[in-house]
Amino acid sequence: MRGILRNPVRRMERAGLHTGLRWKLSAAIALVAGLVAIALSLVVHNAARVSMLDNARDLANERVQIAQRNYELNRRPNFPAIKLDDPDLPDALRTKVEEGRKASDVIDRDGVPDIWAAVPTKDGRVLSLHSRMPVRSTDVLKDLDQALVIGSVAVVFGGSALGVLIGGQLSRRLRKAAAAANQVAKGETDVRVREAIGGVVRDETDDLARAVDAMADALRQRLEAERRVTADIAHELRTPVTGLLTAAELLPPSRLTELVLDRAKAMRTLVEDVLEVARLDSASERAELQDLMLGDFVTRRVAVKDPEITVRVVHESEVTTDPRRLERVLFNLLANAARHGRPPIEVTVEGRVIRVRDHGPGFPEELLAEGPSRFRTGSKDRAGTGHGLGLTIAAGQARVLGARLTFRNVRPAGAPEGIPAEGAVAVLWLPEHAPTSTGSYPMLPLSGGAS
C-alpha cells in the first residue's frame with residue numbers, strides 16, 4: 001500500500017502549484033463584491049442625478065408658465081431670469097416653441113448641466129428660462145458619491161475578510177485531510193481521514209475524506225489479500241522444494257546433479273525470501289533488541305561474509321538493535337553490491353551510520369525515486385542475477401529496527417546528471433533510541449564480539 005499511494009502523491013506534488021485556497025477565495029469574493037459595489041454605485045448615482053435634473057426641469061417649467069401668464073396680462077416678464085426671444089435658446093427648443101408647444105431640456109456644457117424651459121406667447125414671441133443645476137443639488141450629489149465610494153470600499157474589505165474566514169476554515173480542513181492522507185501513504189493503516197478533519201458540518205470535504213478512506217480500505221484489503229496469497233503459495237512450495245532438494249542430494253555425483261542442486265537451492269532461497277517479504281509486509285515482525293558495539297559487530301560479520309571487503313570504523317558507537325536483523329540487512333546490501341556493482345566494495349561505520357559502497361554503474365533511477373521494489377533487479381546498466389528481493393528485504397528489516405535505509409549514486413563533483421555514476425552507496429541510519437514504536441522488546445545484553 002505504501003508503494004501504491006506514495007508515488008501518485010509525489011507526482012501530484014511535483015506537477016501541481018501550491019497556492020492558498022483562502023486567498024483565492026478571498027480574492028474572488030473581493031472581486032465580485034467590488035464589481036457589484038461599482039455597478040450599484042453607478043446605478044444610484046445616475047438615478048439620483050436624473051431625479052435632481054427632473055425636479056429642476058419641473059421647477060423651470062412652472063416658473064416659465066407663471067411668467068407666460070404674467071406676460072399676457074402685463075406685456076412684460078415679471079422675473080429677471082425670464083427672457084424674450086433669447087438668441088442663445090437651443091434650436092431644438094426654438095423649433096418646438098414655434099410649433100406652439102412648450103418645451104424643456106437639459107444640455108451638458110463642460111460637464112455642468114444647463115436647464116432650459118420655453119413657452120410661446122399669443123403675440124408670437126418666445127419666453128424662455130435658462131438656469132444651471134442648483135449648487136445644493138451638486139453638493140448633495142458629491143456627498144452621495146463620496147458615501148458610495150466609502151461603502152464600496154467597505155464592501156470589498158468586508159468581502160475579503162469573509163473570504164479569508166470561509167477559505168481559512170475550508171483550507172484548514174483540506175490541510176488536515178492531506179496530512180492524514182500522507183500518513184496513510186506512509187503505511188499508517190489506523191489513520192482515518194474523516195476523523196482527522198473533524199467538524200460537525202457536512203460538506204464536500206467530508207465526501208472527499210470518505211472517498212479517500214474507502215480507497216485506502218480497498219487498497220489495504222487488496223494488498224492484504226495479495227500478501228496472503230503470496231505467503232500461502234510460498235508456504236505450500238516450501239515442502240515440495242525441500243523434498244526436491246533432499247532428493248537431489250541423493251543423486252550420484254555428476255555435473256547434472258550439481259545443476260539440479262544449484263537450481264533447487266536457488267528455488268528454496270527464493271521461497272524463503274518470498275515468505276520473509278510477506279512477513280515483513282504484514283507488520284507483525286518484532287525485533288529482539290540487544291546492546292552491541294556497532295563497529296566491532298560489522299567488522300566481524302563482514303569478515304565472515306567476504307574477507308576481501310574493506311571495513312573502516314571512523315567512530316565506534318554502542319547501539320541497541322537486533323543483531324540477526326542487522327546482519328540480514330548488512331549481508332543483503334553486500335550481496336547486492338557484489339551482484340550488481342564492481343569491486344572494490346567498501347564498508348564504513350561512523351557512529352550509528354553504516355555505508356556500503358561499490359564502484360559499479362550505480363542504482364537505477366527508479367530505485368532512487370521510488371525505493372526498492374520486489375522482482376526488479378535494476379536497469380540495463382545494473383542488471384544481474386537475482387529476483388530483486390534483497391533490497392526489499394533489507395528495507396523491510398530496517399523498518400523493523402526503526403532504522404532508515406537510503407540509496408544514492410556517486411558522481412564526480414559538479415558533473416551533470418547525464419554523466420554515468422562512479423558507484424552506488426547504501427546508507428543505513430540506526431536510531432538513537434531503541435525502536436519501541438515497532439513493538440520490539442529488549443533482550444539480555446550482548447557483547448560486541450558475540451555472534
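How many helices and how many strands does the protein have?

1. The protein has eleven helices and twelve strands, where helices (H or I, at least four residues) and strands (E, at least two) are DSSP runs numbered from the N terminus. The model is predicted, so that local features need pLDDT of at least 70 and side-chain atom pairs count only at pLDDT 80 or more, while totals for chains, interfaces and linings use all residues. Residues are numbered from 1 along each chain as its sequence is written, and side-chain values use heavy atoms, with hydrogens and water left out.

2. Some overall values come next. Of the 451 residues of the protein, 35% count as buried, a class that means under 20% relative accessible area, against over 50% for exposed and in between for partly exposed (1.4 Å probe, protein chains only). The protein exposes about 26,600 Å², of which carbon and sulfur atoms supply 57%; these accessible areas come from the Shrake-Rupley method with a 1.4 Å probe, and for residues only the protein chains shown count as cover. Among contacts (heavy atoms within 4.5 Å) between residues at least 6 apart in sequence, 66% join residues at least 24 apart.

3. The UniProt record, an unreviewed entry, places the feature "transmembrane region" at residues 21–44 and 147–166; its positions are given in the numbering used here, feature names are shortened, and annotations may be inferred rather than shown by experiment. In the model, the span of residues 147–166 is 100% helix and 0% strand, and its end C-alpha atoms lie 28 Å apart.

4. E204 lies in helix 6, which covers residues 204–249, and with a relative accessibility of 64% E204 counts as exposed. Along the chain, E204 and L170 are 34 residues apart, and their C-alpha atoms are separated by 9.8 Å.

5. The largest nonpolar core has 36 residues, of which L294, V298, L333, L334 and L428 touch the most other members; such a core is a set of buried Ala, Val, Leu, Ile, Met, Phe, Trp, Tyr and Cys residues joined through side-chain atoms within 4.5 Å. At least two residues of this core are supplied by each of strand 5 (288–293), helix 8 (294–305), helix 9 (323–340), strand 8 (346–350), strand 9, helix 11 (390–400), strand 10 and strand 11. The largest share, seven residues, comes from helix 9. Leaving aside neighbours within four places in sequence, V298 is in contact with V311, L330, V347, V349 and I354. A second, separate core of eleven residues includes Y71, I82, V119 and L129.

6. Just after helix 11, G402 takes a positive phi of about 75°.

7. The structure holds one aromatic pair, formed by F363 and F407 in an edge-to-face arrangement, at 5.2 Å centre to centre and with 80° between the planes. Rings of Phe, Tyr and Trp (its six-membered ring) pair if their centres lie within 6.5 Å, planes under 30 degrees apart counting as stacked, over 60 as edge-to-face and the rest as tilted. F363 lies in the loop between strand 9 and helix 10 (365–370) and F407 in strand 10, so the pair ties together parts that are 44 residues apart in sequence. Both F363 and F407 are buried.

8. E365, placed in helix 10, is partly exposed, with a relative accessible area of 46%. Apart from neighbours within four places in sequence, E365 is in contact with N409 and R411. The C-alpha atoms of E365 and N409 are separated by 9.4 Å, although these residues are 44 apart along the chain.

9. A backbone detail remains for checking. P343 and P344 are joined by a cis peptide bond, with omega about 0°, and P344 is placed in the loop between helix 9 and strand 8.
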